[in-house]
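Have a look at the sequence and the 3D view first.

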Amino acid sequence: MHIALNKPKQLVVGLTGGIGSGKTAVSSRLQTLGATIIDTDEIAHSLTKTGGLAIPDIQKAFGREALLPDGSMNRDHMRALVFKEPDKRIALEKILHPKIRQLVQQQLDTGATLYFVLVVPLLFEKGGWGELMDEIIVVDCPVEQQVQRVIQRNGWPETQVRAVIQNQATRKKRLAGATEVIENNGGLAELIKKIDFLHQKLIKKAQK
Ligand code: ATP
């Protein structure tokens, strides 16, 4: 449970789902409807861009080769490194996670909103976020649909998409942790209807 001092409690809704499940489609619709979106991937990106708050620690821990000439984190280099060496992944997460947490908390403390949507793509893989969340929305669809969507959107080879899915939590695990599920297995118009319905439900919970 999220407890903010000197402030009425505000509803914090976690949003997660596998790659290509439709998290962005869901969060942008909820934003249009009036929710405030806090995206942990966007925060991680801002921390590791040129001049980002995590850059000095990343350079200290991984050397100059962890950075591109413009001073931003070299994502390709770091992705390959943490894939090969799990202790490096832990070291990078130790740098990023507390800073992401701090920035999330800042946004929760300063936002005035119907409710917050906290997007954590790897919620069930990483842990550590659950106690901030009053609800957990899982966006779910069959794996084959994830594969098709990501191939179409990113132009990746199928094997790459399947390798990412293989490294993420299973559908079963995610669904077991959900308080709300959005089945995104139809068209976009159908998805919008489901989101609008869920929004009404969340508004009622936020007003309790
Ligand atoms: P990632 O984990 O990679 O960030 P995501 O979960 O945010 O992905 P989206 O980017 O929302 O997923 O959706 C993946 C792709 O599938 C996008 O191109 C999106 O427009 C498309 N898409 C999502 N839902 C539907 C749908 N119901 N019908 C058609 N296309 C969809």
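What follows goes from the ground rules to the overall fold, then the ligand site, then a few individual residues.

## Ground rules

This is a predicted model, so to speak of local features we need pLDDT of at least 70, side-chain atom pairs count only at pLDDT 80 or more, and totals for chains, interfaces and linings use all residues. Residues are numbered from 1 along each chain as its sequence is written, and side-chain values use heavy atoms, with hydrogens and water left out.

## The chain as a whole

The protein chain has ten helices and five strands; helices here are DSSP runs of H or I with at least four residues, strands are runs of E with at least two, and both are numbered from the N terminus. Along the principal axes, the C-alpha atoms fill a box of roughly 50 × 45 × 30 Å.

Buried residues account for 42% of the 208 in the protein chain. The cut-offs on relative accessible area are under 20% for buried, over 50% for exposed, and partly exposed in between, with a 1.4 Å probe and protein chains only. The protein chain exposes about 11500 Å², and carbon and sulfur atoms supply 57% of that. These areas come from the Shrake-Rupley method with a 1.4 Å probe, and for residues only the protein chains shown count as cover. Take the contacts (heavy atoms within 4.5 Å) between residues at least 6 apart in sequence: 72% of them join residues at least 24 apart.

## Around the ligand

Which residues come nearest to the ligand? Out of the 14 around it, the answer is Lys-23, Thr-24, Ala-25, Arg-153 and Asn-184. By class, the shell holds three nonpolar, eight polar and three charged residues. For that count, Ala, Val, Leu, Ile, Met, Phe, Trp, Tyr, Cys and Pro are nonpolar, Asp, Glu, Lys and Arg are charged, and the others, Gly among them, are polar.

A backbone N or O atom of Ser-21 sits 3.3 Å from a ligand oxygen, and for a backbone N or O atom of Gly-22 the distance is 3.0 Å. In Lys-23, a side-chain N or O atom is 2.7 Å from an oxygen of the ligand. On its own the ligand exposes 630 Å², of which the protein buries 73%. Helices α1 (23-32) and α7 (143-154) are the elements that give two or more residues to the shell, with α1 supplying the largest share, three residues.

Arg-29 is in helix α1 and is partly exposed at 24% relative accessible area. Beyond four places in sequence, Arg-29 touches Ile-192, Ile-195 and Asp-196. With Asp-196 there is a side-chain polar contact of 2.8 Å. A polar contact is a pair of N or O atoms within 3.5 Å; within protein, one must be able to donate a hydrogen and the other to accept it, and residues adjacent in sequence count only if both atoms are side-chain atoms.

Over in strand β4 there's Asp-140, buried at 3% relative accessibility. The side chain of Asp-140 makes a 2.7 Å polar contact with the side chain of Arg-171. Other contacts of Asp-140, leaving out neighbours within four places, include Leu-175, Val-181 and Asn-184.

His-199 lies in helix α10 (residues 188-207) and counts as buried at 6% relative accessibility. A 2.8 Å polar contact joins the side chains of His-199 and Tyr-115. Besides Tyr-115, His-199 touches Leu-30, Leu-33 and Leu-114, not counting residues up to four places away.

Thr-48, in the loop between α2 (40-47) and α3 (55-62), is buried with a relative accessible area of 1%. Among the residues Thr-48 touches are Ile-55, Met-73 and Leu-96. Asp-134 also sits in a loop, between α6 (123-126) and β4 (135-140), and counts as buried at 16% relative accessibility. Asp-134 and Ala-206 are 72 residues apart in sequence but 10.0 Å apart in space, C-alpha to C-alpha.

Conventions: Near = heavy atom within 4 Å.
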